[in-house]
Amino acid sequence: MSSATPYKVLCVCLGNICRSPTAEVIFRHYCDAHQLNVWVDSAGTSNYHPNKAPDLRSQQHAKKRGYDLSALRARQISLHDFIEFDLILAMDEQNLQDIQDLQQQALAEFGLTQVRARIALMSEHDPIYPQQALPDPYYGGAAGFERVLDQCESSSLAWVKALKIHMQQFS
């Protein structure tokens, strides 16, 4: 990986309107703050909300912490994402399973030499929420959206630390 080529991370939840857009913006914020050449996007395993803005509650809670989700639009993960991205982060175990199933389809279609994405839970390195699912706040109240923000901040910082080590090894 050359320093000119960004490392690409895709954050994935079910609908791409609450958790993954929040994770995208927070992960990008911390990568920028740590001057990492990382490009971050988000998607959903479903196609429930194509081209929709993030949930207004997600936007409102994020805005209170200085994160702007308003420009993001929902999209569904595609097989090409397994070629395009270096790392795909699942928000929970069901997303992880769905992504692994899609990766098998991508491998069947494109082959091992083309598919480069590594798949992991968002919380893989998180010391505060180790290997914990990022709970979907959609059907809950304000506390759920705050938990998403807390966990996205903690997990993003943990990934930034891991990526710094990874990028030093390959620079």
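These legends describe close-up views of a predicted model.

View 1. The largest cavity has a volume of about 40 Å³. Seen around this space are Cys 18, Thr 22, Ser 58, His 61, Phe 145, Val 148 and Leu 149, which line the largest cavity. Sorted by class, this lining holds four nonpolar and three polar residues, and no charged ones.

**View 2. Helices beside the cavity.** Two helices, H2 (56-64) and H5 (142-169), each give at least two residues to the lining of the largest cavity. Helix H5 provides the largest share of that lining, with three residues.

**View 3. The largest nonpolar core.** This core has 30 residues, and those that touch the most other members are Val 9, Phe 27, Val 38, Leu 89 and Met 91. Two or more residues come from each of strand E1 (7-13), helix H1 (19-33), strand E2 (38-44), strand E3 (87-90) and helix H5. Helix H5 gives the largest share of this core, seven residues.

**View 4. The surroundings of Met 91.** Leaving out residues up to four places away in sequence, Met 91 is in contact with Cys 11, Val 12 and Cys 13, and also with Arg 19, Ser 20 and Ala 23. Further contacts of Met 91 are Leu 121, Met 122, Ala 133 and Leu 134.

Definitions and conventions
Residues are numbered from 1 along each chain as its sequence is written. This is a predicted model: local features need pLDDT of at least 70, side-chain atom pairs count only at pLDDT 80 or more; totals for chains, interfaces and linings use all residues. Side-chain values use heavy atoms; hydrogens and water are left out. On a 1 Å grid over the protein atoms alone, a cavity is a set of points where a 1.4 Å probe fits but cannot get out, and a pocket is an open set with protein on both sides within 12 Å along at least five of seven lines; lining residues have an atom within 4 Å of a point. Grid points are joined across faces, edges and corners, and a volume is the space filled by probe spheres set on the points. Helices (H or I, at least four residues) and strands (E, at least two) are DSSP runs, numbered from the N terminus. Ala, Val, Leu, Ile, Met, Phe, Trp, Tyr, Cys and Pro count as nonpolar, Asp, Glu, Lys and Arg as charged, and the others, Gly among them, as polar. A nonpolar core is a set of buried Ala, Val, Leu, Ile, Met, Phe, Trp, Tyr and Cys residues joined through side-chain atoms within 4.5 Å. Buried means under 20% relative accessible area, exposed over 50%, partly exposed in between (1.4 Å probe, protein chains only). Contact means heavy atoms within 4.5 Å.
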